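Subject: Structure for your review

Dear colleague,

Here is the structure, with its sequence. My notes on what was found follow below.

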Amino acid sequence: MKQWNTILAAAAIALASSTAAMAARTDLVLGIPLEPPHLDPTAGAAAAIDEVLYANVFEGLTRIGQRGEVLPDLAESWTISDDGETYTFKLRSGVKFHDGTDFNADDVKFSLDRARGENSVNAQKGLFAPIDTVEVVDPATVKVTLKNPLGSFLYNLGWGDAVIVAPESAETNKEKPVGTGPFKFQSWAKGASITLVKADGYWGDAIALDKAEFRIIPDAAAAIPALLSGDVQALPNFQLGDALAQVKADPRFKVVIGTTEGETVLSTNNKRKPFDNLKIRQAIAHAIDRTAIIDGASGGLGTPIGSHFAPHNPAYVDLTGTYPHDVAKAKELLKEAGYPEGFKATLKLPPVGYARQGGEIVASQLREIGIDLQIIPVEWADWLKQVFTDKDYDLSIVSHTEPNDIDIYSRKDYYFGYDNPAFNKVIDELNLTSDEAKRTELYKQAQKILADDAVNGFLFELPKVGIWDAKVEGLWENSPIQANDLTKVKWAD
Amino acid sequence: MSEAVHRKPETLGGFVGRALGNRSFVLGLLITLVVAVMALASFFWTPFDVTRLVVADRMQPPSSVHWFGTDHFGRDVLSMIMVGSRNSIAVALVAVGIGMGVGVPLGCWAAARGGWLDETVMRLNDLVFAFPALLSAVMITAVFGPSAINAIVAIGIFNIPVFARVARAGALAIWPREYILAARAAGKGQARITVEHILPNIANLLLVQGTIQFALGILAEAGLSYVGLGAQPPMPSWGRMLFDAQTVMMVAPWLALFPGCAILLTVLGLNLLGDGISDIFDPRARRRP
Amino acid sequence: MIAYLLKRLLIGAATLVVASVVVFLMLEVVPGDPARLMLGMNASDAQVELLREQMGLNQPLIIRYLDWARGLLSLDFGRSYTYSVPVIDLVSERLVVSLPLAVIALTLSTLIAIPVGLFAAARRGKAADTAAMAVAQVGVAMPNFWFALLLVYVFAVWLRLVPAGGFPGWSGGAWPALKALMLPAAALALPQAAILSRVTRAALIEVLGEDYIRTARAKGMPMRAVLWRHALRNAMIPVLTIMGLQFAFLLAGTIIIENVFYLPGLGRLVFQAITQRDLIVVESVVMLLVATVVLVNLVVDLSYALVDPRLRMRQ
């Protein structure tokens, strides 16, 4: 009798869960690998903040669309003065923050001034540095004057760090974010999940979901069972590596491989011996077999790159043939550089799958030509301190996920330690050029210089691996910025 | 328990015969020897080179070429288990060494001197015991960076109080014995008595505790490597192999199966060995049917 | 008895003070800057310095220790650097996962281990005893995270009876929350049960050899009655000791299992806090755990006295 009870109970549970799955759904559980440290996109660099809140809870004057295009958002339209220095934004009317306060030009001035102010802890403060003044013309019009013309200004306003916040709630956004978006924040169970619900009276198009939960699942090992057991219905951007094989063939799921802005590079300390020697860097470039790295570190999904530029960008040139995989040539170059026996060096790896796995393969490949790498795994905090800030490293692997960031190679004191006046000249020219054809030409020059100098080991463009229930529609295929835009997401019947 | 040494000893043959008659001991010794031989052999020969990644051969199921299949980098799993055993054994063994090396003198000293010194040593022991071992290991590796050496230190520190307690308890039971009193009357110092009379009599206790801590050390090392805080690549370790395997458990179950079995068998073998030794030395056990 | 209690309390307090110094100093030397981590790669050094000032990281060491220690005494654990909420809130959020998990696991392990121990002790040397202890040996040797993986694949992925991980919280009802804790509790409990059943068996066999038990048996008392009425009661001391240790272990030592099931428990809180250099959280939680162990040991010591009247007399 007792046994029967258990069996019946189990059957009842199974039944209950299957009927629930058949009903038309308006809720979605998404798995994300990292938990945001807090929920204010204007006060932290963590991508996880934007992945939850961008376009869902917070909106900016402009926004970035699925293909990386700039779209109007809280600014309905704008005009740019002929000298390119004054932007006049016409704001949307009838927009309310989730706490019921009205959105108007004062909020825009407040947000932009706060982001560039002296006490700003905005992680991308540099984006706002070109702003000279922000003026409220009338409640629905804002005039922004720049110190000098800037081709990417509208794009920059679309970053998550530039979203509009209200003075009433700005201080408490970290805990209880209040924005103007289609979803409002409901709850945050720390370490477990963040729940958003549909906001009343949203100004934009109607949205299909009533509730969205972002569940924090730290690694692929846990994400796959969660997906297979139906606990989560979407892993919009998860570096799954080999685990992908388990769901690829399953008709219950859709696997969508898209692009990101992440150039994954073998960061090289160009200031440190022997990496300051071009021949050494060329030898490393020849020793690297991108195919093996892509297979082992990204489940075969990454796109090889030959310079620091995204392959889906129109200005991209394929430079992967600059230093083809050639072990003999690599050994030859090592000998010419005065290291016929090779040498020892360190490889510091941040705690992400592509770096840790890619690192093992790179180490194995460089061992073939006599470079003996000691692998040192570090946490992000250590990585930022040792590698990025103190530049105490030989080699590292990291994906630079900011869009269009080839200019980092011209930054003074950047952690690559690269300094090439010819390259800097190209970037300076680029900043002053607005003609598209000319810009493309300059981008190509820049890519070529970096490839020839073998500044870093250019490995692959990080793929965006998204998996979701076959019935879910409207999630982004690519990842032009770090976001999980849910405004168009719905369940097919 | 410690009577064995001072009651007029049985013949060596009798002792060996008793040992061989103990099922736990024989089975445990057998498994332990197999693992030890595997670890030693890996220094001279493994079926494949574990530092060479052949990504093209990745995730091949067990076959006549790769008996245990290959992993996500195309490495031979059998070879990795062989080399990994070296790592497990080394970490656990050195950690036991640290625990014994520091803990036993401390425990004997405390037992010999008694009084406030004894109290202090035991309170320090409690202090270490009060720390959550795994969390502290995580903290230690956060400070010094993850590596096999730091895993050894982390595990070793928590072995110290264990051996100190066992040694002290064993020694305290022996100090009041008549032959110790006789030795003291003969003018022998505390240190000399400890070395000549106490240590031989608690050696069996320490040996048993040693095998237990050895087994626990292997489990702890596997756990630390599993969360990425143990041995670092390219050195294979069983815990890391399991971590790497779990994402592909459904397409490549052998990757999770073999390292898991390796840990289980090794720990099982050591525990059986410990039980066996304890049975052989424990006179009461001999009365058992 | 009172003098004994006072002495124990005093020792406990001293342990906590020394532990707090050790923990604080240890985390002082952890490399990495929490402010830089929060601001990321594009922030300037001046900005990082500003945030450090705001977070109170630029105060001298001794001031920070005293501030922290004073806070601990009044149960004010300070504010988390990364989450910028009071640490006590974070801890209590995690305790509603860790505490039930530890209690369920311990209950489960006790419910399995004591009967198995009794069963084996009563049939000492027979095939059933050998078989039970062989299973226990395997249980002791099984890495619990490996066992957890197997459980996930069988019960969550194939049978879909319980979730593969995560924790829905108690607000959605007790049943979904309990369901989420089932596999982790089982994964934690079985190896513990294996240890506990061996201890129980050994303790019982020890007690069964004593004179008064033999007398009871000789008087014709049935084995079952002897076991339950006399032996188990007297065998409780080692069993309780192990249970006390296991509870402390279960509360904090579950980092690995929490990782497998991505449960938002205390262990993972500390693990994450270490990687995020949220040192104040690490310090406070470790202290809390140390305090728990000290308290549990105290309770176990005292319960000896209750279980065994002879010990009570001796004190």
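Which residue is the bridge partner of A:F89 in β7(A)? The partner is A:V142.

First, the ground rules. Everything here is a predicted model, in which local features need pLDDT of at least 70 and side-chain atom pairs count only at pLDDT 80 or more, while totals for chains, interfaces and linings use all residues. Residues are numbered from 1 along each chain as its sequence is written, and chains are lettered from A and ligands numbered from 1 in the order in which they are written.

Confidence

The predictor gives the complex an ipTM of 0.83 and a pTM of 0.82. Per residue, its confidence is the pLDDT, which runs from 0 to 100. Chain A averages 89, with 95% of its residues scoring at least 70. Residues 1-21 of chain A fall below 50, and beyond near neighbours in sequence this stretch has 1 contact in the model (a contact means C-beta atoms, placed from the backbone, within 7 Å). Where pLDDT is low, the predicted coordinates should not be read in detail. For chain C the mean pLDDT is 83, and 95% of the residues reach 70 or more. Within chain C, confidence is lowest in helix α14 (residues 309-314), at a mean of 52, and highest in helix α6 (residues 127-141), at 91.

The sheet in chain A

Helices (H or I, at least four residues) and strands (E, at least two) are DSSP runs, numbered from the N terminus. In chain A, 4 strands form an open, antiparallel sheet in the order β4-β5-β7-β6; strands pair if DSSP finds at least two bridges between them. β4 (75-80) and β6 (131-138) of chain A stand at the edges with a single partner strand each, so one side of each has no neighbour in the sheet. From one strand to the next the twist averages 20°; axes are lines fitted to C-alpha atoms, for helices over the stretch in contact, and angles run from 0 to 180 degrees between N-to-C directions. Helix α3 (residues 105-116) of chain A packs on the sheet and touches β5, β6 and β7 of chain A, its direction making about 165° with that of β6(A). The A:F89 pair belongs to β5 (residues 86-91) and β7 (residues 141-146) of chain A, antiparallel strands that are joined by 5 bridges.

Other places in chain A

A residue is buried if 20 or more other C-beta atoms lie within 10 Å of its own, exposed if 12 or fewer, and partly exposed in between. In helix α8 (residues 290-298) of chain A, 8 of the 9 residues are buried, so the helix is largely enclosed by the rest of the structure. Those buried residues pack against β13 (303-304), α10 (353-368) and β17 (457-469) of chain A. Just after α8(A), A:G299 takes a positive phi of about 60°.

A:A55 lies in the loop between α2 (47-53) and β2 (62-64) of chain A and counts as buried, with 27 C-beta neighbours inside 10 Å. A:A454 is in the loop between α13 (436-453) and β17 of chain A, and is buried too, with 24 other C-beta atoms within 10 Å.

A cis peptide bond joins A:K273 and A:P274, with omega about -5°. A:P274 sits in the loop between β12 (253-268) and α7 (278-287) of chain A. In chain B, a cis peptide bond joins B:P233 and B:P234, with omega about 5°.

Chain C has 14 helices and 0 strands, and 44% of its 315 residues are buried. Its C-alpha atoms fill a box of roughly 85 × 60 × 35 Å along the principal axes.

The contact between chains A and C takes 34 residues from chain A and 41 residues from chain C. On the chain A side, α11(A) gives the most, with 7 residues. The contact between chains B and A takes 18 residues from chain B and 19 residues from chain A.

Regards

Definitions and conventions:
Contact = placed C-beta atoms within 7 Å. pLDDT = per-residue confidence, 0-100.
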